[in-house]
Amino acid sequence: MGTISAISSSASLSASAASQLMSDVAFSTTINGKTYNADVTYSNGEYMADDSNLSGAEATGASVQAAENNLSTRIQVIA
């Protein structure tokens with residue numbers, strides 16, 4: 001009979017690494033009839049949303065949703 005080795009110790013992620021993996025997401029928003037595509041990433045304790053196709057379209061937030069909302073507001077100002 002074989003043995004089953006524990007893989008949890010070698011495959012475990014820190015809470016911040018797991019959070020980062022789960023929060024690298026894409027989203028889209030429509031403002032004044034135009035759709036903007038953006039990404040949200042997690043780094044250094046904050047979420048950053050940005051649309052690389054629109055200069056100045058960057059915003060941060062304490063959560064994914066907050067970063068998305070802040071970026072939508074930012075796009076309304078600069079677009």
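Start at alanine 49, which stands opposite alanine 59 in E4. This is a predicted model, in which local features need pLDDT of at least 70, side-chain atom pairs count only at pLDDT 80 or more, and totals for chains, interfaces and linings use all residues. Residues are numbered from 1 along each chain as its sequence is written, and side-chain values use heavy atoms, with hydrogens and water left out.

E3 and E4 pair in the antiparallel sense over 4 bridges. Strands (E, at least two residues) and helices (H or I, at least four) are DSSP runs, numbered from the N terminus. Two strands count as paired if DSSP finds at least two bridges between them.

E3 also pairs with E2, again antiparallel, over 5 bridges. Here aspartate 39 stands opposite aspartate 50 in E3. The hairpin of E2 and E3 has 2 residues between the strands, and asparagine 44 takes a positive phi near 50° there.

Now step back to the sheet. It is open, has 4 strands in the order E1-E2-E3-E4, and pairs them antiparallel. E1 and strand E4 (58-61) stand at the edges with a single partner strand each, so one side of each has no neighbour in the sheet. Neighbouring strands are turned by 30° against each other on average, direction ignored.

What do the two faces of E3 look like? In a regular strand the side chains alternate between the two faces of the sheet. Along E3, Tyr47 and Ala49 point to one face and are buried (under 20% relative accessible area, 1.4 Å probe, protein chains only).

Tyr47 and Ala49 are among the residues with the most contacts inside the largest nonpolar core, which has 13 residues. Such a core is a set of buried Ala, Val, Leu, Ile, Met, Phe, Trp, Tyr and Cys residues joined through side-chain atoms within 4.5 Å. Strands E1 (25-31), E2 (34-43) and E3 (46-50) and helix H3 (64-78) each give two or more residues to this core. The largest share, 4 residues, comes from E2.

H3 lies across E1, E2, E3 and E4. Leucine 71 touches Phe27, Ala38 and Ala49, among others, not counting residues up to four places away in sequence. Contact means heavy atoms within 4.5 Å.

Finally, the whole chain. Its pattern along the sequence is α-α-β-β-β-β-α. Buried residues make up 24% of its 79 residues.

Key:
Buried < 20%, exposed > 50% of the residue type's maximum accessible area, 1.4 Å probe, protein only. Axes fitted to C-alpha atoms, helices over the stretch in contact; angles between N-to-C directions.
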